[in-house]
Amino acid sequence: MTEIPLATRFVDDQTVSWESVAEGVKRKIMTYDANLMMVKVAFETGGIGTPHQHRHTQMSYVERGAFAITIGEETKTLRTGDVYYIPPDIRHGAVCLEAGVLIDVFTPMREDFV
């Protein structure tokens, strides 16, 4: 079993490396503990967050850009400053309409990300 570290209390964005997730999509795992995780996800226009589902509760903040967000059967266009909530085990995905960044928060943390 992998030991989960204590969350880093202060994170300097410049010290966290980007990880390629898909074409036009990259992420930074900002900090986490066993109960909570924050991830920054940058999209180029046209980048796709492939539809998927997971056991985690997720809330996301649109730091900048525009995204078509699908949660279950509903799709809405969200822009800078908007927020969305995804209950556990609900299929969801994103299409980037205007290059931007999402700030994702998960509970519990996403063990599959580390």
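Visitor: Is Glu19 buried, partly exposed or exposed?

Guide: Buried means under 20% relative accessible area, exposed over 50%, and partly exposed in between (1.4 Å probe, protein chains only). Glu19 is partly exposed, with a relative accessible area of 33%. This is a predicted model, in which local features need pLDDT of at least 70 and side-chain atom pairs count only at pLDDT 80 or more, while totals for chains, interfaces and linings use all residues. Residues are numbered from 1 along each chain as its sequence is written, and side-chain values use heavy atoms, with hydrogens and water left out.

Visitor: With which residue does the side chain of Glu19 meet in a salt bridge?

Guide: Side chains of opposite charge can pair when their charged atoms come close. The term salt bridge here requires a side-chain nitrogen of Lys or Arg within 4 Å of a carboxyl oxygen of Asp or Glu. The partner of Glu19 is Arg27, at 3.4 Å from N to O. Arg27 counts as buried, at 13% relative accessibility.

Visitor: Where is Arg27 found, and which residues does Arg27 touch?

Guide: Helices (H or I, at least four residues) and strands (E, at least two) are DSSP runs, numbered from the N terminus. Arg27 belongs to strand S2. Contact means heavy atoms within 4.5 Å. Leaving aside residues up to four places away in sequence, Arg27 touches Ser17, Trp18, Glu19, Val21, Val39, Lys40, Val41 and Phe113. Between the C-alpha atoms of Arg27 and Ser17, which are ten residues apart along the chain, the separation is 8.4 Å.

Visitor: How many salt bridges does the rule give?

Guide: The count comes to six salt bridges. One of them joins the side chains of Lys40 and Asp13, at 3.0 Å from N to O. Lys40 lies in strand S3 and Asp13 in the segment before S1, so this pair ties together parts that are 27 residues apart in sequence. Lys40 is buried, with a relative accessible area of 14%, whereas Asp13 is partly exposed at 23%.

Visitor: What of Asp112 and Arg110?

Guide: Their side chains also meet in a salt bridge, at 2.6 Å from N to O. Asp112 is exposed, with a relative accessible area of 52%, and Arg110 counts as buried at 7%. Elsewhere, salt bridges that share partners join Asp13, Lys28 and Lys40 into one network.

Visitor: In which sense do S5 and S6 pair, and over how many bridges?

Guide: Two strands pair if DSSP finds at least two bridges between them. S5 and strand S6 (residues 74-79) pair in the antiparallel sense over six bridges. Thr70 has Thr75 in S6 as its bridge partner. The two strands form a hairpin with two residues between them, and Gly72 in the turn has a positive phi of about 65 degrees.

Visitor: How much space lies in the largest pocket?

Guide: Rolling a probe the size of a water molecule over the atoms shows where empty space is left. On a 1 Å grid over the protein atoms alone, a pocket is an open set of points where a 1.4 Å probe fits, with protein on both sides within 12 Å along at least five of seven lines; lining residues have an atom within 4 Å of a point. The largest pocket holds about 400 Å³. Of its 24 lining residues, the closest to the centre are Val21, Gly49, Thr50, His52 and Asp104.

Visitor: Which strand gives the most to the lining of the largest pocket?

Guide: S8 does, with six residues.

Technical notes:
Grid points are joined across faces, edges and corners, and a volume is the space filled by probe spheres set on the points.
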